[in-house]
Amino acid sequence: MRLLQLTTVLVADDLTTTSDAALRTAAALRDAGGARLHVVHVAPAGTAMAAHGGVPAEDQHAMQDGAVRAKVATDYTPHVLTGSAGEAIGPLADRISADVIVTGRREHGAVQSNRRLGGTPFDII
């Protein structure tokens, strides 16, 4: 009997090393709860990824590289969305019936004066 019963874990990946801990945490939750793992990257509107309407090969490789770097098995479902992470992740979580959403921390030095503390996680919920 599992102490933790999960069916779906969703983790946000910004394709940088700051997501590694979130990927590892999500994989640990997947393994502990017997869940499926979904990894989402949200490309800001107006970027090359958004302009292609999908995932260019180099971005697909970046997602795979992040999973390898974080030592996460390749057993996950990738999702690429465009727009604001705070507005895009919540509807995906609803659509896949995510039990838990894991987000990483913001990279040091990336604090923007126009963002409130906890911005993206609060926007998601």
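Predicted model: local features only at pLDDT ≥ 70, side-chain atom pairs only at ≥ 80, totals over all residues.
A residue counts as buried under 20% relative accessible area, as exposed over 50%, and as partly exposed in between.

**The overall picture**

The protein chain has five helices and four strands. Of the 125 residues in the chain, 36% are buried. The chain exposes about 7,400 Å², and carbon and sulfur atoms supply 54% of that area. As for contacts between residues at least 6 apart in sequence, 75% of them join residues at least 24 apart.

**The sheet and its helices**

The four strands form an open sheet in the order β3-β2-β1-β4, with parallel pairing. At the edges stand β3 (77–82) and β4 (100–102); each has a single partner strand, so one side of each is left without a neighbour in the sheet. On average, neighbouring strands here are turned by 25 degrees against each other, direction ignored.

Take β1 and β2 for a closer look. Strand β1 (residues 8–12) runs parallel to β2 (residues 36–43), and five bridges join the two.

Helix α1 lies across β1, β2 and β4, and runs at about 180 degrees to β1. Helix α4 (residues 85–96) lies across β1, β2, β3 and β4, and runs at about 155 degrees to β2.

**Salt bridges**

Side chains of opposite charge can pair when their charged atoms come close. How many salt bridges does a search of the whole structure find? It turns up two, listed here:

| Salt bridge | N to O distance |
|---|---|
| R69 and D20 | 2.9 Å |
| R30 and D31 | 2.9 Å |

Start with the pair R69 and D20, whose side chains meet in a salt bridge. R69 lies in helix α3 (residues 57–69) and D20 in helix α1 (residues 20–33), so the pair ties together parts that are 49 residues apart in sequence.

Are its two members buried or exposed? R69 has 35% relative accessibility, so it counts as partly exposed. D20, at 9% relative accessibility, counts as buried.

In the other pair, the side chain of R30 meets that of D31. R30 is buried, with a relative accessible area of 8%.

Technical notes: Residues numbered from 1 in each chain as written. Heavy atoms only, no water. Salt bridge = Lys/Arg side-chain N within 4 Å of Asp/Glu carboxyl O. Buried < 20%, exposed > 50% of the residue type's maximum accessible area, 1.4 Å probe, protein only. Pairing = 2+ DSSP bridges. Axes fitted to C-alpha atoms, helices over the stretch in contact; angles between N-to-C directions. Contact = heavy atoms within 4.5 Å. Areas by Shrake-Rupley, 256 points an atom, 1.4 Å probe, with all protein chains shown as cover.
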